[in-house]
Amino acid sequence: MTRATFTVNGTARPVDIPAETRLIDLLQDHLAMTVSPDGCGTGHCGGCLVLVDDRPVAACLSLALPLRDARIETAESAESVMATVRQALADHGAGCPACRAGLTIAATHALRISPWITAEESRASLLGHRCRCTAAETTVAAILSAAAALQQRGVPA
Amino acid sequence: MSARLPPFDLHEPATLDQAAALIRAGGVPMLGGATLIPLLAAGNIAPASVVSLNRIPGLDRLYANPKVGLRIGAQVRAARLLPDIWTGKRFAAIHEAVEQLDAPHVGNSGTVIGNLCAARADYDMAVALMALEGVVRVHSAGRLRDIALTAFYPAPGQTALATGDIAVAVECPGPGTDAGSAFKKLDLIPRHIDAPRKISAAATVTYGVERERIVAATLVLGGVALPRRFPRAEASLAGQLPDPALFATAARTALREAGLPADPVLQAQAFALLRDALGQANARALARHDHFDDVADLVGEQP
């Protein structure tokens, strides 16, 4: 067991974990986060995406301990862009329960780069996702509505 | 749900010598983990220790300059190449290989060196970097030595690295003034074959100072097998005037050298990728121009 402190959603979380703990295991088993399902285990489905230092990373592909100095954000984050995206996806019924967390992360990453996003850029932000339960266009519509809300609120471009 | 990983010790050495000693003692090196962690999760390997190379200083540099070359340190995550302007403009083949990573977010954790050292036929970076005449810089018994990518894969699934050797960077020479490169791939799960099929091709085309004849070209095919170059096809391009028929002939020559299975669909796909990679590399080489040409275009004259 190794004692380490992780910064998750802006909060320092000290934990004792074994070396073989992946980032996804840390979030699920040790920090009781429920929004990162373990899908394919190879990084291809996009279900377990989290932001590590503002970049989308598959939590099933990273060991946790080397990330103890990083800023980790999950789809549960209260930050305003993430919250807006989460609400928009829920309102549109976009993404199945297994994939919605990953879609939230991908959309948040795209909208933080710029809320003045086009439909094509929204589709591009979903390239790493395998969710086929709901139509991809529903997710694109949700991202565009989140973008409109952010633009209205005056989030800097 | 994929399995938890089997237990192991994690070492995070601060120097290459410490890392090499730990690897010689049986540790498995790890950079981003994009290849290693799925292997551990699937139970394909169960090492007693994993050696993270992410705390060793000096391995995180990315440097691209058209006059000097491209240098990608071992810790550089593949996606870091994407916003780099010189990588995109003058080392386009590797830029395209990273752009087309499936899934794109894998490039945020996976490294270029990790991709090369995995020695997997279905990985793309070696195809692009072999066309760019890449050389792997290796820390070996306290010294640095270089291994050309063309000599890096002695057998399927193997690299030329000895136990304890650590690939610290991959370097490509600067392209000629009028040179272009391209990378193409097909990533398919066709209905009529059982296994997913991936084919990738990369090429470079270099012109001489008069910008009329091709002076050198490289051509690489990967995906179906570990990447390799095709000396006869490359030689057939040197000294020639560019022409779509020339690229098609070179692609056919390369196919004969490749000795792929006699599947007509596979052959046709590989042919198209080789031909198109050459064609696009050529278009990029010809699109290179200097300021003098800009001025000539503005006044409606050709030099």
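**Entry 1: salt bridges**

I note at the start that this model is predicted. I then looked at individual pairs.

I started with A:D25 and B:R4. Their side chains meet in a salt bridge, 3.3 Å from N to O. A:D25 sits in helix α1 of chain A, residues 23-30, and B:R4 sits in the segment before β1 (9-11) of chain B, so this pair joins two chains. I checked the accessibility of each partner. A:D25 is buried at 3% relative accessible area. B:R4 is partly exposed at 34%.

Next I took a pair within chain B. B:R137 and B:D146 form a salt bridge, with 2.9 Å between the closest N and O atoms. I found B:R137 partly exposed, at 24%. B:D146 is partly exposed too, at 43% relative accessibility.

B:R229 is partly exposed at 22%. B:E234 is buried, with a relative accessible area of 8%.

**Entry 2: backbone**

Where does a cis peptide bond turn up? I found one joining B:D102 and B:A103, with omega at about 5 degrees. I placed B:A103 in the loop between α4 (92-99) and α5 (106-109) of chain B.

I then looked at positive phi in residues other than glycine. B:E133 has a phi of about 60 degrees and is not a glycine. B:E133 lies in the loop between α7 (125-131) and β6 (135-140) of chain B. I noted its relative accessible area as 43%, which is partly exposed.

B:A141 was another entry on my list. Its phi is positive, near 50 degrees, and the residue is not a glycine. I located B:A141 in the loop between β6 and β7 (143-148) of chain B. B:A141 counts as exposed, at 65% relative accessibility.

**Entry 3: charged patch**

Which residues gather in a patch of positive charge on the surface? I wrote down B:R228, B:R232, B:R252 and B:R256. I followed up on B:R232. B:R232 belongs to helix α8 of chain B, residues 231-235. At 59% relative accessibility, B:R232 counts as exposed.

**Entry 4: B:F183**

Is B:F183 buried or exposed? I found B:F183 buried, at 1% relative accessibility. B:F183 is part of strand β9 of chain B, residues 179-188.

I listed its contacts, leaving out residues up to four places away in sequence. B:F183 touches B:A93, B:E96, B:A97 and B:Q100, among others. The list also includes B:D124, B:V127 and B:A128. B:S200, B:A201 and B:A202 are on the list as well.

I checked one distance along with these. The C-alpha atoms of B:F183 and B:V98 are separated by 9.9 Å, and the two residues are 85 residues apart along the chain.

How values were computed: Residues numbered from 1 in each chain as written. Chains lettered and ligands numbered in written order. Predicted model: local features only at pLDDT ≥ 70, side-chain atom pairs only at ≥ 80, totals over all residues. Heavy atoms only, no water. Salt bridge = Lys/Arg side-chain N within 4 Å of Asp/Glu carboxyl O. Helix = DSSP H or I, 4+ residues; strand = E, 2+ residues; numbered from the N terminus. Buried < 20%, exposed > 50% of the residue type's maximum accessible area, 1.4 Å probe, protein only. Patch = residues over 30% accessible without salt bridge, like charges linked within 9 Å, V, L, I, M, F, W, Y side chains within 5 Å. Areas by Shrake-Rupley, 256 points an atom, 1.4 Å probe, with all protein chains shown as cover. Lys, Arg positive; Asp, Glu negative; His and termini not counted. Charge placed at Lys NZ, Arg CZ, Asp CG, Glu CD. Contact = heavy atoms within 4.5 Å.
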